[in-house]
Amino acid sequence: MGNAKSDERPTQRVKNSTRSASAQGDFYGLGPFSLRVLSAAGIATRAQLDKVGPLAAFIAAKAVEPKVTLNLLWALAGALTGKHWTRLPADYRSTLLLEYDAYCDQRRQLDGSSNKSLQRTRSKSSAKLRSRRARR
């Protein structure tokens, strides 16, 4: 009986490691942490990554885990092209970086305009409150 249990455990481990190796095969060059972050961001299959592309996948991953770096963006692009991220053409990496920069600029503008609106609202509210207090 002791042998049966010891025989089952290695088989379990092999199955689990085969599954993760298969998942990593679908996502060439991505490690377990990156795969977990992508999964948490709703990207669990290669087809989903193909559909959204490397930039949208990176943005989704960054929303889930702010610590991820641009290396993940390069790795996602590499996974889609079947190349290690260090072998991606410089112009492709530059294009991705410029697209991400444009996205960040757009977010800053949206965040800035909403903050300005909020500041105006607060200023008006403060002015009304001061006016009411002065009338008393």
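At 27% relative accessibility, how does Tyr103 count: buried or partly exposed? Tyr103 counts as partly exposed, because its relative accessibility is 27%; buried means under 20% relative accessible area, exposed over 50%, and partly exposed in between (1.4 Å probe, protein chains only).

This is a predicted model, in which local features need pLDDT of at least 70 and side-chain atom pairs count only at pLDDT 80 or more, while totals for chains, interfaces and linings use all residues. Residues are numbered from 1 along each chain as its sequence is written, and side-chain values use heavy atoms, with hydrogens and water left out.

A search of the whole structure finds two aromatic pairs. Rings of Phe, Tyr and Trp (its six-membered ring) pair if their centres lie within 6.5 Å; planes under 30 degrees apart count as stacked, over 60 as edge-to-face and the rest as tilted.

| Pair | Distance between centres | Angle between planes | Class |
|---|---|---|---|
| Phe58 and Tyr100 | 5.1 Å | 80° | edge-to-face |
| Tyr100 and Tyr103 | 6.2 Å | 25° | stacked |

Helices (H or I, at least four residues) are DSSP runs, numbered from the N terminus. Tyr103 also lies in helix H5, three residues from Tyr100, about one turn of the helix.

Phe58 and Tyr100 are both buried; Tyr100 has a relative accessibility of 15%. Together, Phe58, Tyr100 and Tyr103 form one aromatic cluster.

Technical notes. Helices (H or I, at least four residues) and strands (E, at least two) are DSSP runs, numbered from the N terminus.
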